[in-house]
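Hi everyone, thanks for making time for this.

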Amino acid sequence: MAELSLVEAVNDALHTELARDGSVLVLGEDVGRAGGVFRATAGLQQRFGRDRCVDTPLAEAGFLGAAVGLCMAGWRPVCEMQYDAFSYPCLDQLITHVGRYRWRTRGRMDFPITIRMPYGGGVRAPELHEDSPEAYYVHTPGIKVAVPATPADAKGLLSAAIRDPDPVVVFEPKLHYRAPRGEVPAGEHVVPLGRGRVARVGDDVTLLAYGAMVAVCERAAEAADASCEVVDIRSLRPLDEEAILGSVAKTGRVVIVHEAPRTAGFGAELAALVAEKAMLDLRAPVVRVTGYDVPFPHWQIEDAYLPSVERVLAAVDRVAAY
Amino acid sequence: MAQVLPALDGDSVPEGLDEHDLLELYRRMVLLRVFDERAVVYHRQGRIGTYALFWNHEAIQVGASYALRDSDWIFPSYRESAIGLVRGLPPATVLQWWRGHPSGWWSPAEWNLGSICVPIATHVPHAAGLAWGKKLHGEDVVAMVFFGDGATSEGAFHEGVNLAAVMEAPLVLVCNNNQWAISTLIEAVHYRATPHATADNPRLYIDLERVEQERERECLGRFERYLRRLRVVDDDVVERTRRAAEDAMRAAIAAAEAEPRPDPELVFRHAYADPPPNLRDG
């Protein structure tokens, strides 16, 4: 066990997986010689060489498309998108090819691509450095999506993603890249996709969250009068429906929290799931606390946009009083 | 290939090709020509869906791919939908693609042939990545990607080319400059004298006289006249080659239509190697 920050845990996962499997190849902008703008890929090029940790041209669509070809040539590419919103140019390749190619071949070829990127707000950055784009990815057929909240899960989910035969996108909450530190198992550490985690046990209200919002929910749970259970979703697809519905069956009251804009965000998917499969367990409407349907704001007012402890507590009060 | 065009107007065999090569090039061009002609007929008969013609593109497709070994990869656009025939891909498979049947999607690994690429230019990075990836493994493999003149306006084309250049990947880019990106005129090497696809009505944008001129210079006719001058082919060879291609197409459409309709279950299969549990919710 070691005490690592989230981004150190990501680095640990990459070192471990590149050492374990000679077909894993990291690529992206500034990942090689510079070790990544967040140091997520530090030491990889020095240890494994320029052909295993590759500095690509500034071309997200180009290198994600190249990753498709690399898979055909027998490689297991791990693409870094430098920031959440910088991934948008790659969405064409993701939707038109990455999510479809295996299906085109009727299962005869695998495309084990991993895409990882820092995401989310609260870091006082210029526009298009703090987005939460997970909905575009999880809505794309053929794609899996994971969002760690802790350093241990950052290592575990990324390792699972790299080993997965399907394309997996991992969203790393950059707000927590350097703090808090957490215990991270040494050596190979895999957290299978499709499993949520109960971050805090409670009886009265279920708080569903992922990424940086898990900590916000934990702080709200501490301050709330109601006894709140915090479920860290961890894997948006495949989704751990059992963990979610199990918690709802216990509490009957649900608050969903995410940074991304409200309309058609992943919270809408969770709300629909709960409404369809846990209707008779519910004792209150399902409430979402989300970013607003506006572009992510100028950072001086980003705190007014991001779900805060106060907004979560207001939602908890609303469902508890119903 | 620039070497061959002038030779077609003369009587000499280009360096590096012998009579066997010329006959094989001819056979492949006839095969593609007959495929294309029959596909248009099947479309009109309602037996295949909307179809992208490649009439008079056969020389480019056959000529460029002739330089490849079986281990080299081809990345086709929809204009080269039948290029796999030169490698023995069954014509029935390509017909099935145009019939919307799942068995039209061959496995690229089986033929070293990428899937037909519909979104313009987006396969150029795939080809760049394959060539780069093979080089990294120390394998002597070239990737050849076909695209049209219109594709050179897309970002993906430039990103793929640049990446291949940066990685020094063995990528051959074949720009089929037929002067049309559906209906936008671009500068040229040959001239698409047929519609973009069966759903297209070129009378809205073409010069009919120019089309007629180009039809007289079409590549298969020129090649045949050249081979006749060299006495590599005669009426007998021409007729036998044509008949073999027609027999192959007859068998192909029969095989395609004999295949059972796809099982609707296929909707849920193959999207994932390891599918999430809720895939059937809907």
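**How confident is the model?**

Chain B has an average pLDDT of 90, and 92% of its residues score at least 70. The scores for the model are ipTM 0.91 and pTM 0.92. A word of caution that applies to any prediction: where pLDDT is low, the coordinates should not be read in detail.

**The five-stranded sheet in chain A**

Let's begin with a sheet in chain A. In what order do its five strands lie? Reading across, the order is S9-S11-S10-S13-S14, in an open sheet with mixed pairing. At the edges sit S9(A), residues 197–200, and S14(A), residues 287–291, and each of these pairs on one side only. From one strand to the next, the twist averages 25°.

Now let's walk across the pairs. S9(A) and S11(A), the latter covering residues 228–232, are antiparallel and share three bridges. One residue pair to find on your screen is Val198(A), whose bridge partner in S11(A) is Val231(A).

Further along, S10(A) and S13(A) pair in the parallel sense, with four bridges. Here you can look for Leu208(A), which stands opposite Ile256(A) in S13(A). S13(A) also pairs with S14(A), again in the parallel sense, this time over five bridges. In that pair, Val257(A) stands opposite Val289(A).

While you have the strands on screen, remember a general point: in a regular strand, side chains alternate between the two faces of the sheet.

How much of S13(A) is buried? Seven of its eight residues are, so the strand is mostly covered.

Helices lie across this sheet, too. H10(A), residues 266–277, lies across S10(A), S13(A) and S14(A), and runs at about 155° to S13(A). H11(A), residues 309–320, lies across S10, S11, S13 and S14 of chain A, at about 165° to S14(A).

Next, please find His15(A), which is in helix H1(A), residues 6–20. Is this residue buried or exposed? His15(A) counts as buried because its relative accessibility is 15%, and the cut-off for buried is under 20%. Setting aside neighbours within four places in sequence, His15(A) is in contact with Ala42(A), Gly43(A), Leu44(A), Arg47(A) and Phe48(A).

H1(A) packs with H7(A), residues 151–163, at an angle of about 30°, and their axes are 8 Å apart. The crossing is right-handed. Among the H1(A) residues that meet H7(A) are Leu6(A), Ala9(A), Val10(A) and Ala13(A), and on the H7(A) side they include Ala154(A), Leu158(A) and Ile162(A).

His176(A) and Leu6(A) are 170 residues apart in sequence, yet 6.5 Å apart in space, C-alpha to C-alpha. Where does His176(A) sit? His176(A) is in the loop between S7(A), residues 168–173, and S8(A), residues 182–184. With a relative accessible area of 12%, His176(A) is buried. Not counting residues up to four places away in sequence, His176(A) touches Leu6(A), Ala212(A) and Ala215(A). The side chain of His176(A) also reaches the backbone oxygen of Ala179(A), at 3.2 Å.

**A covered helix, and over to chain B**

One more helix in chain A: six of the eight residues of H4(A), residues 91–98, are buried. They are Leu91(A), Gln93(A), Leu94(A), Thr96(A), His97(A) and Val98(A). What covers them? The cover includes H3, H5, S5, H6 and S7 of chain A, together with H6 of chain B.

S1(B) and S2(B), residues 143–148, are joined by three bridges, and Ile74(B) has Met144(B) as its bridge partner in S2(B).

Technical notes:
Residues are numbered from 1 along each chain as its sequence is written. Chains are lettered from A and ligands numbered from 1 in the order in which they are written. This is a predicted model: local features need pLDDT of at least 70, side-chain atom pairs count only at pLDDT 80 or more; totals for chains, interfaces and linings use all residues. Side-chain values use heavy atoms; hydrogens and water are left out. Two strands pair if DSSP finds at least two bridges between them. Helices (H or I, at least four residues) and strands (E, at least two) are DSSP runs, numbered from the N terminus. Axes are lines fitted to C-alpha atoms, for helices over the stretch in contact, and angles run from 0 to 180 degrees between N-to-C directions. Contact means heavy atoms within 4.5 Å. Buried means under 20% relative accessible area, exposed over 50%, partly exposed in between (1.4 Å probe, protein chains only). pLDDT is the predictor's confidence in each residue, from 0 to 100. A polar contact is a pair of N or O atoms within 3.5 Å; within protein, one must be able to donate a hydrogen and the other to accept it, and residues adjacent in sequence count only if both atoms are side-chain atoms. A crossing is left-handed if the near helix is turned anticlockwise from the far one by less than a right angle, and right-handed if clockwise.
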